[in-house]
Amino acid sequence: MHLLTAIILCPFLAALLTLFIPANYRFVIRVVTLAATLLTAFLAFILFCRFNSSPEIDGYRFVHNVMWVESLHLQYHVGVDGINLGLIFMGSIVAFAAACVSREIKTFQKEYYILLLVMTGGILGAFASLDLFFFYFFHELALVPTFIMIGVWGRGEKRNYATFQITIYLSIGALLALAGLIALYLASGASTFDIVELSKFLRTNPIPTNLQHVIFPFLLFGFGILVSLWPFHTWAPLGYGSAPTATAMLHAGVLKKFGLYGLLRVAVPFLPEAAGSWMHILSILCLGNIVYCGWVAMRQKDLNMLIGNSSVAHMGFVFLGIASLSLVGVTGAVVVMVAHGFLAALTFGLSGYLYGQTRTLDLNQMSGLLQKLPFIGTALIMAMLAGCGLPGFANFVGEFMVLFGSWHKFPSVTDLCVWGALVIGAVYMLRAIRQILHGPLEENCAAVADASGALAKTPLRPLVSLPARLRVFSPVVDRQHQGSRRRRHSAGPDGFSRGPLPRAGRHDPALTDP
């Protein structure tokens, strides 16, 4: 079987197998889920390592193309390049970690693990798809389990409200994105949903500028809502705070990147004229993510709400990198997407562990935990420092590249973003470290136990170590730079191409150095 297809199908086949396992065989169901996600992660690691040695077809590697419905021009078409390679690798690692921490689920375990596997397969399929139909279909396949898992296995008094809120917001975002994709297909006149063929066609037959200005806002705000672009972000902190640990890890760490990936893969490359005119607005909106959501995070007394607002704030850096339309800025945005996926999964995983031990996430009721939880405490310190953008973590590399790439185009916005990242981010992250880990040990925390043994530490180790090993992102960055050098001549004088922006890898949406 084709390697990339095997990565996508493995979770779906495991979900299908789980359907036929009796519900009272809980151990077997869990073993099947763990084995499937571990195999997926292993195959994704092989994919990552073999990326540069694989043959290239139209700028993509590991391409698999099978016609599905010829009369409708629908085909199963997958491939990887410099943009989605890291996302697929990161998503598979986070999925395995999410399966490992799902021991907290005690009811309806069979249904839970089926939804978790479907969510995993949908996430990986969406990132790998090179056909607009499957690109959207796989995302919806991953999104629906999110609503169900929060509603059934969520926690907190506002669980039902959070379920309705996240369902309404993300449904509206998905519908706006769908409307934009349909309009793009109709306006292109290419009679195909294939992204590669669309790119070739639009390179010589661009969509009229007036239509681009009509279509682009649908994609920008549709994908933006899915990512929690300010001011459409309020669903995210409460949704993650009410979600089961594994669901929060997968959605905040992986699925939320779909909107950003959609902007990079579809919206900006196919609608470059409209993209250029909307980037200044996007740069202003991203300030709301970085500065406003940072202020909100400073006021939080609940650890999950703090992490949720911090996650929304970090998305502002990706939006800023995209808005810069520069080689360095967009490359930095891709690095931040991958690095934040590990960071969000790690922080929510640690939060779930602390809740399981203390039965509370109130920062005022936790202190001195480093005395009892040396491994968990150390991992939490590393996660919080990475969230501050501390050098030595991939978040620093990505954020630095974003700020450097956007400086020439949005100097005032970049100044405020630097302040939001270095000052506001440091305040709420360091304060959380102080309140949770230092000081006298609270009475309700006296009986907590640290993660011990290989099995307990397994889901956290890759999430801690991979962001600290910056070289893990080198294929992504290298391929982006190689692509830019090959098509630098096609960039316009203002830094973006007058045709559809080429793909990362052979091509990329990053355009000129600042």
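Q: What makes Tyr-292 part of a helix?
A: Tyr-292 is found in H12, and helices here are DSSP runs (H or I, at least four residues), numbered from the N terminus. This is a predicted model, where local features need pLDDT of at least 70, side-chain atom pairs count only at pLDDT 80 or more, and totals for chains, interfaces and linings use all residues. Residues are numbered from 1 along each chain as its sequence is written, and side-chain values use heavy atoms, with hydrogens and water left out.

Q: Why is Tyr-292 called partly exposed?
A: Its relative accessible area is 40%. Buried means under 20%, exposed over 50%, and partly exposed in between (1.4 Å probe, protein chains only), so Tyr-292 counts as partly exposed.

Q: Which helix supplies the largest share of the nonpolar patch?
A: That's H17, with 4 residues. Helix H12 (272–298) and helix H17 (411–437) each supply at least two.

Q: Why is H3 called roughly antiparallel to H10?
A: Helix H3 (residues 84–100) and helix H10 (residues 245–255) pack at about 170 degrees, axes 9 Å apart. Angles over 145 degrees count as roughly antiparallel, so that's what H3 is to H10. The axes are lines fitted to C-alpha atoms over the stretch in contact, and angles run from 0 to 180 degrees between N-to-C directions.

Q: What makes the contact between H3 and H10?
A: On H3, residues including Met-90, Gly-91 and Val-94; on H10, Met-249 and Leu-250 are among them. Contact means heavy atoms within 4.5 Å.

Q: How do you know that H9 is mostly covered?
A: In helix H9 (residues 235–242), 8 of its 8 residues are buried. Trp-235 and Tyr-240 are among them, and the cover includes H10.

Conventions. Angles under 35 degrees count as roughly parallel, over 145 as roughly antiparallel, 65 to 115 as roughly perpendicular and the rest as oblique.
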